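Hi,

Here is the structure I promised to pass on. Have a look at it first, and my notes follow below.

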Amino acid sequence: MTTYTFADLPYAYDALEPVIDATTMQIHHDRHHKAYYDNFLAAIKDNPLNGQPLETIFAHISKESAALRNNAGGYYNHNHYWNIMRPHGGGEPKGALLDAINSAFGNFDACKAAFKDAGVKQFGSGWAWLIVGKDGKLAVTGTPNQDNPLMDTAAVRGTPILGCDVWEHAYYLHYQNKRADYLDAWWQVVNWDYAAECYAQATA
Ligand code: MN
């Protein structure tokens, strides 16, 4: 049985400034993410999938309610998002992940450009992702709303390595309508150690 928990932010609200401001982080974690978590618990409560890992739930999500899909997605996606960022992050990927990026995209800059493109072009609310696909190769994709590439509804399926929230609640206080500027600045807070862990698990 998986126990679902709501974790504290792994750093202070202001730890990602100036890339992401403290007010945005506090509202995003304490209100938006908490609401997804609470609504997920309500949606899973009387479901036979209760207690299953989120990955198992996502693999069958096409048969489930919109409430479960949206809130399980919102719960998982934000857990990933807080951990894929850190204070004094940024820099460049290393080791096996860098090798895979070079193999899939040619170089890191081309990978960043594809990721930004997925984020900018995601119409309305959603997420940009770097994933390990079923073929074991890295790919960039976008998902609407709180969907993610683990869901059996996703156009491109795979395991998340990097996920960036492009809902307006993630950036609007500081960047207003300039989603592209948020996506450019976001690389400064990426936690490449966590990305490497995700990559190692996805390719184990
Ligand atoms: Mn969000």
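The buried residues of H1 are Ala 22, Thr 24, Met 25, His 28, His 29, His 33, Tyr 36, Tyr 37, Phe 40 and Ile 44. Buried here means under 20% relative accessible area, exposed means over 50%, and partly exposed lies in between, with a 1.4 Å probe and protein chains only. Helices (H or I, at least four residues) and strands (E, at least two) are DSSP runs, numbered from the N terminus.

Please keep in mind that this is a predicted model, where local features need pLDDT of at least 70 and side-chain atom pairs count only at pLDDT 80 or more, while totals for chains, interfaces and linings use all residues. Residues are numbered from 1 along each chain as its sequence is written, and side-chain values use heavy atoms, with hydrogens and water left out.

Back to H1, which covers residues 22-44. Its 23 residues reach 31 Å from first C-alpha to last, close to the 33 Å expected at 1.5 Å a residue; that expected span is 1.5 Å times one less than the number of residues. H1 also bends by about 35° at His 28, the bend being the angle between axes fitted to the seven residues ending there and the seven starting there. The buried residues of H1 pack against helix H2 (54-59), H3, E3 and helix H6 (172-175), where contact means heavy atoms within 4.5 Å.

In the segment before H1 you will find Pro 18, and the peptide bond from Glu 17 to Pro 18 is cis, with omega near 5°.

Helix H3 spans residues 66-83 and holds Asn 71. Asn 71 is buried, at a relative accessible area of 11%. Beyond its neighbours within four places in sequence, Asn 71 is in contact with Ala 35, Tyr 36, Asn 39 and Phe 40.

Not counting residues up to four places away in sequence, His 80 touches Trp 129, Pro 160, Ile 161, Leu 162, Gly 163, Tyr 194 and Cys 198. His 80 and Leu 162 are 82 residues apart in sequence, with 8.1 Å between their C-alpha atoms.

**The sheet**

Three strands form an open sheet in the order E2-E1-E3, with antiparallel pairing; two strands pair if DSSP finds at least two bridges between them. At the edges are E2 (138-144) and E3 (158-165), each pairing on one side only. Neighbouring strands are turned by 30° against each other on average, direction ignored. Axes are lines fitted to C-alpha atoms, for helices over the stretch in contact, and angles run from 0 to 180 degrees between N-to-C directions.

Helix H8 (residues 192-202) packs on the sheet, touching E1, E2 and E3, and its direction makes about 155° with that of E3. Seven bridges join E1 (residues 126-133) to E2, and Trp 127 has Thr 143 as its bridge partner in E2. E1 and E3 also pair over seven bridges, with Cys 164 in E3 as the partner of Ala 128. Seven of the eight residues of E3 are buried.

**Two loop residues to look at**

In the loop between E2 and E3 sits Asn 145, whose phi is near 55°, a positive value in a residue other than glycine. Asn 145 is partly exposed, at 40% relative accessible area.

Enjoy exploring!
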